[in-house]
Amino acid sequence: MTVFHFFNCAILTFGPHAVYYSATPLSEYDTLGTSIKAAVVYLVTALVKLVCLATFLNVSESDSFDPYQELLKALIGFIDVAGLYFALTQLTHRNISQNHKFQAVGLGWAFADSVLHRLAPLWVGARGLEFTWEYILQGLEANANLVLSISLAALGSLMWLRKNRPKTLIPIIYACAGIVATMPSITSYLRLGLGWQFPKVVGFELFTSLVMALISWQLFSACQRS
């Protein structure tokens, strides 16, 4: 039963990444190499963030919300944006369109995040003797992160790769990118500042990811028509 629960949680956490790759044109254009490169960039970015967090943040003995600490975390979190910029603009890609490039980069980014933050807890905890909903919720959270990562990559491609975007949409693109980039700080405030429980936070992340995906899709379509 414990092994069955582990595999269920693992499929929920990592399965959507494989489904997205195989169900979209990404598999037809063989963009796996681009996703792997993006995953490597994410791991390097995560290492840089870890060093910055260890250098500039103080270890808090309480779980209370500290605005100063959270502001520093949000600023350090923008290192992800720099890493995504490098993955989109500086890495050499196969001859693929901009549509497929941002999807491949976002997919690799999200998969690396899930492996780094969820694989070890899943391996240790989901095989326990006692059933818990925590790892199912972590799988749902990974799905929300997948959608948010692809949305942020789409917004990044509009900011850095597309030159003929309408000027009226530029503030909206940057505002949406800022919201997605600061989602970890937003969820931290919901948990520590407002006292939300983990299921409620995951529900918020799922809802926000769908909204941001819809907005990003509309912005991308509008820029393509222009």
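In the predicted structure, helix H1 spans residues 2-23 and helix H5 spans residues 98-125; their axes come within 10 Å and cross at roughly 170°. Because angles over 145 degrees count as roughly antiparallel, H1 is roughly antiparallel to H5. On the H1 side, the contact is formed by Phe6, Cys9, Ala10, Thr13, Phe14, His17, Tyr20 and Tyr21. H5 contributes Gln103, Leu107, Ala110, Phe111, Ser114, Val115, Arg118, Leu119, Leu122 and Trp123. By class, the residues of this contact comprise 13 nonpolar, four polar and one charged.

H5 also takes part in lining the largest pocket, whose volume is about 1,300 Å³. This pocket is lined by 37 residues, of which Lys49, Asp113, His117, Pro184 and Thr187 are the closest to its centre. At least two lining residues come from each of helix H2 (32-56), helix H3 (67-77), helix H4 (79-89), H5, helix H6 (134-160), helix H7 (170-181), helix H8 (183-193) and helix H9 (198-225). The lining of the largest pocket consists of 19 nonpolar, nine polar and nine charged residues.

Nine nonpolar and six polar residues are present in the lining of the second largest pocket, and no charged residues.

Sequence annotation was also considered alongside the model. An unreviewed UniProt entry places the feature "transmembrane region" at residues 39-59, 71-92, 168-190 and 202-220. Over residues 71-92, the chain is 82% helix and 0% strand, and the C-alpha atoms at the ends of this stretch lie 34 Å apart. Over residues 202-220, the chain is 100% helix and 0% strand, and the end C-alpha atoms are 26 Å apart.

Technical notes:
Residues are numbered from 1 along each chain as its sequence is written. This is a predicted model: local features need pLDDT of at least 70, side-chain atom pairs count only at pLDDT 80 or more; totals for chains, interfaces and linings use all residues. Side-chain values use heavy atoms; hydrogens and water are left out. Axes are lines fitted to C-alpha atoms, for helices over the stretch in contact, and angles run from 0 to 180 degrees between N-to-C directions. Helices (H or I, at least four residues) and strands (E, at least two) are DSSP runs, numbered from the N terminus. Angles under 35 degrees count as roughly parallel, over 145 as roughly antiparallel, 65 to 115 as roughly perpendicular and the rest as oblique. Contact means heavy atoms within 4.5 Å. Ala, Val, Leu, Ile, Met, Phe, Trp, Tyr, Cys and Pro count as nonpolar, Asp, Glu, Lys and Arg as charged, and the others, Gly among them, as polar. On a 1 Å grid over the protein atoms alone, a cavity is a set of points where a 1.4 Å probe fits but cannot get out, and a pocket is an open set with protein on both sides within 12 Å along at least five of seven lines; lining residues have an atom within 4 Å of a point. Grid points are joined across faces, edges and corners, and a volume is the space filled by probe spheres set on the points. UniProt positions are given in the numbering used here, feature names are shortened, and annotations may be inferred rather than shown by experiment.
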